[in-house]
Amino acid sequence: MTESKEAFAQKLQNGEHAFIVAAQDGVECGLVRYEIAGDTMYFYRLSIKKDYRRSGFGKRLLIELEREALRNDVRFIRCKVRLHASAKTYMYQNFGYVQYAEEIKERDGKPIYVQYLEKRLPVKV
């Protein structure tokens, strides 16, 4: 969560949404951004401040993200995760996300291994 409030505000003005979870005494501890395109929600930048990690805030964000998806008749929730981010991958898999693709990107001449995860939501009847 090192992004400036100004950069974050600009992204909100561009149509991105966000959840901010407050810890005790109203202290911001984490956020996730998402956008909806058709029947798919894409989320990115799920981040929790270091002092609040491993306290359930990531799980709470995923639960709220799924609620928002269901309110908007979304069928799929998708994200990208670097393969070295095994803790995030494990958490997403525990929430029912499965890998549907992978790729190798390059940054500064070094390979970055990325996996694409997806969760299918139940259809409203």
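In the predicted model, F76 stands opposite R120 in β6. This pair belongs to the contact between β4 and β6, two strands that run antiparallel and are joined by 7 bridges.

The protein contains 3 helices and 6 strands. Along the sequence, these elements occur in the order α-β-β-β-α-β-α-β-β. Of the 125 residues in the protein, 34% are buried. Among the contacts with a separation of 6 or more, 50% are made by residues 24 or more positions apart.

Strand pairing was examined next. Strand β2 (residues 28-37) and strand β3 run antiparallel and are joined by 7 bridges. Within this pairing, I36 stands opposite M41 in β3. The two strands form a hairpin with 2 residues between them, and G38 in the turn has a positive phi of about 65°. On the other hand, β3 and β4 pair in the parallel sense, over 3 bridges. Here Y42 has R78 in β4 as its bridge partner. Strand β4 is in turn joined to β6 by 7 bridges, in the antiparallel sense. Strand β5 (residues 98-107) also runs antiparallel to β6, and 9 bridges join the two. One of the residue pairs here is E106 with P111 in β6. Like β2 and β3, which form a hairpin, β5 and β6 form a hairpin with 2 residues between them.

The turn of the hairpin between β5 and β6 contains D108, which has a positive phi of about 55°. D108 is a residue other than glycine. Most residues other than glycine have a negative phi. D108 has a relative accessibility of 74% and therefore counts as exposed. A positive phi of about 55° is also found at D73, which is not a glycine either. D73 lies in the loop between α2 and β4. With 53% relative accessibility, D73 counts as exposed.

Helix α3 spans residues 86-94, and its residues T89, M91 and Y92 are buried. Viewed down the axis of α3, the buried residues fall within an arc of 165°, so they line one face of the helix. An α-helix has 3.6 residues a turn, so residues three or four places apart point the same way. The opposite face of α3, turned away from the buried side, carries the exposed residues S86, A87, Y90 and N94. The packing partners of the buried residues of α3 are β3 (40-48), α2 (57-71), β4 (76-82) and β6 (110-120). After α3 comes G96, with a positive phi near 95°.

Helix α2 contains E68. The relative accessible area of E68 is 16%; since residues under 20% count as buried, E68 is buried. The side chain of E68 makes a polar contact with the side chain of R71, at 2.8 Å. When neighbours within four places in sequence are left aside, E68 is in contact with F19, Y34 and M41. M41 is also the residue in β3 that stands opposite I36.

R82 is located in strand β4. Its relative accessibility is 36%, so R82 counts as partly exposed. Apart from neighbours within four places in sequence, R82 is in contact with T89, R107, I112, Y113 and V114. Of these, T89 is a buried residue of α3. R82 and E102 are 20 residues apart in sequence, and their C-alpha atoms are 9.5 Å apart in space.

Cysteine residues were also considered. C29 has a relative accessibility of 0% and counts as buried. C79, at 4% relative accessibility, counts as buried as well. The structure holds 0 disulfides.

Notes:
Residues numbered from 1 in each chain as written. Predicted model: local features only at pLDDT ≥ 70, side-chain atom pairs only at ≥ 80, totals over all residues. Heavy atoms only, no water. Helix = DSSP H or I, 4+ residues; strand = E, 2+ residues; numbered from the N terminus. Buried < 20%, exposed > 50% of the residue type's maximum accessible area, 1.4 Å probe, protein only. Contact = heavy atoms within 4.5 Å. Arc of directions from axis to C-beta. Polar contact = N/O pair within 3.5 Å; in protein donor to acceptor, adjacent residues only side chain to side chain. Disulfide = S-S within 2.5 Å. Pairing = 2+ DSSP bridges.
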